[in-house]
Amino acid sequence: MTGNAGSSTQENHFRQRLRVMAEKIVIFCRYYVPLIVLLPYRTLQFFYQIKTQVPIEPKHSSSFITDSEIQSEFAHHAPGVAMMNNGSFGCCPASVISALHQWQLKMFRQPSHFLLNELKNRILESRTIIKDHINAEDVDEVSIVDNISTAAAIVLQQTAWAFAEGKFNKGDAVIMFSCTYGAVKNSIEAYFSRAGGSVIEVPFNFPLNSNEEIISEFRKALEREKGNGRRVRLAVIDHVTCVPTVVMPVKQLVKICRDEGVEQVFIDAAHAVGSVDVDMQEIGADFYASTLYKWFFCPPVVSFLYCRKSATHSDLELHHPIVSHRYGKGLAEESFWVGTRDYSPYLVLPSVMEFVNRFEGGLKGIIKRNHDAVVEMGKMLAEAWGTNLGCPPDMCASMIMVGLPACLGISSDDDATKLRPHLCDKFGVEVRIHYQAPKDGEVGSTTGYVRICHQIYNKVDDYYKLRDAVNQLVRDGFTCALEINEA
């Protein structure tokens, strides 16, 4: 008996080792073999492009990227996971990752030459691409920064200095919506509120039926504060909100700010570039910041801050929060050098444009493709669960909110936070969950929503997997109160 048990145990260990070895072989073949095969070609292609500086033109032939090529570009994604949360951290195709590695190697070959003699011009090239894409008037209006938190710090620290220097008075206000992103709210508290400013928070009454609901609440808040004699120094407005997600009517909101005498307008557009059309001349904001790693295929950390010329040429003090050798030479100069670090992510914009132009219609084609797909999948899920969308389709970009079955019992932010990893760990589904408190007097309203995203790598099966996972929870009698809190 003991001998048989020992033999059985050894056999099980042997099988387990074989299984682990097989999984490692599969992973190696899936992720590394394509890179090894393509590396010599990519390296030659990369250095040829640097040497010749051939401009990247949109693709005009009929040989656009195929579905299999798209999947190959994202073969490094974890197998077996339906990734529908692109809005949180974005994605980066293999060809851009390859370019990133080549820039890193180029820097490491001769750091002094690269960082002192070449980096500035390479970053200028990336800034020029951004300037052209967003229709800015001048490249000096564009500064590359790491993320929206950095951009918000640049905009808000000058308001703190304005209070300290007596340009602003105690009680002067900033206006924002209640759905403003948490990190930006923290920046408002750290720089504006602590300096003596007050905060006007406009209600964001989700779910929504029209843009007019947003515009009306904003106008009422401004008119009320103006009637009370309060001076509104700054408006902070999202272009595409995070959760719950909608595309905000930024052009109309900026116009209201101008009409009501708001001095500065800062647009937090973290989700904008790559998911909606962006035009600085049409929007008309003083400051506009967007990431390029969420929906524009750059690696973290690449974002930009646009500062309208009239703002940069006024008496405003705009500086990068990290003070280094370029201090006082203008925000774009300060931002391109914040000390010794890896600047390679800033330099892949030409490669990103090359990738984007492999698609029919370029970036506009990708935006339409993602929007149409996320609306179709959102409607499918709402029908399958007997719920509703959080807003009309024309108010969403590449993300949409879909109501979850009420029987899941999502009754707090904590429930929503815990349900996300539960779906991922048990069903292999990556999505963002949102708790929406019922409005006053509402009974039986939807309180749980899922935010689904669509990026070019997503397949219909991803959304079927989410549909089936939620349906399974319902069949099993799952509730957040019983299941998650006991875990």
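1. On a 1 Å grid over the protein atoms alone, a cavity is a set of points where a 1.4 Å probe fits but cannot get out, and its lining residues have an atom within 4 Å of a point. Grid points are joined across faces, edges and corners, and a volume is the space filled by probe spheres set on the points. With these terms, a search of the whole structure finds one cavity of 30 Å³ or more, and the largest cavity has a volume of about 50 Å³.

2. The structure is a predicted model, in which local features need pLDDT of at least 70 and side-chain atom pairs count only at pLDDT 80 or more, while totals for chains, interfaces and linings use all residues. Residues are numbered from 1 along each chain as its sequence is written, and side-chain values use heavy atoms, with hydrogens and water left out.

3. The largest cavity is lined by Ile129, Ile130, His133, Ile134, Val273, Leu292, Phe296, Phe304 and Leu349. Helix α5 gives the most to this lining, with four residues; helices (H or I, at least four residues) and strands (E, at least two) are DSSP runs, numbered from the N terminus.

4. The protein chain has 17 helices and 12 strands. Buried residues make up 49% of its 487 residues, where buried means under 20% relative accessible area, exposed over 50% and partly exposed in between (1.4 Å probe, protein chains only). The chain exposes about 22,900 Å², of which carbon and sulfur atoms supply 53%, by the Shrake-Rupley method with a 1.4 Å probe. Among contacts (heavy atoms within 4.5 Å) with a separation of 6 or more, residues 24 or more positions apart account for 70%.

5. A nonpolar core is a set of buried Ala, Val, Leu, Ile, Met, Phe, Trp, Tyr and Cys residues joined through side-chain atoms within 4.5 Å. The largest has 120 residues, and Phe218, Tyr288, Ile452 and Leu466 touch the most other members. Helix α14 (residues 362-385) supplies the largest share of this core, 10 residues. Apart from it lies another core, of 27 residues, including Ile148, Ala151, Met176 and Leu318.

6. Leaving aside residues up to four places away in sequence, Tyr288 touches His239, Phe266, Ile267, Ala269, Ala272, Val278, Met280, Ile283, Phe304, Leu305 and Tyr306. Phe304 in that list also lines the largest cavity.

7. Helix α4 (residues 94-109) has 16 residues and reaches 22 Å from its first C-alpha to its last, close to the 22 Å expected at 1.5 Å a residue, the expected span being 1.5 Å times one less than the number of residues. Its buried residues are Ser95, Val96, Ser98, Ala99, Leu100, Gln102, Trp103, Lys106 and Met107.

8. Some backbone features deserve a check. Most residues other than glycine have a negative phi, and most peptide bonds are trans. The peptide bond from Phe206 to Pro207 is cis, with omega near 0 degrees, and Pro207 lies in the loop between β4 (198-202) and α8 (211-227). The bond from Val243 to Pro244 is likewise cis, with omega near -10 degrees, and Pro244 lies in the loop between β5 (232-238) and α9 (250-259).

9. Asn135, which is not a glycine, has a positive phi of about 60 degrees; it sits in the loop between α5 (111-134) and β2 (142-145) and is partly exposed, at 34% relative accessible area. Phe297 has a positive phi of about 70 degrees although it is not a glycine, and is found in the loop between β7 (287-291) and β8 (303-307), where it counts as buried at 0% relative accessibility.

Note on methods:
On a 1 Å grid over the protein atoms alone, a cavity is a set of points where a 1.4 Å probe fits but cannot get out, and a pocket is an open set with protein on both sides within 12 Å along at least five of seven lines; lining residues have an atom within 4 Å of a point.
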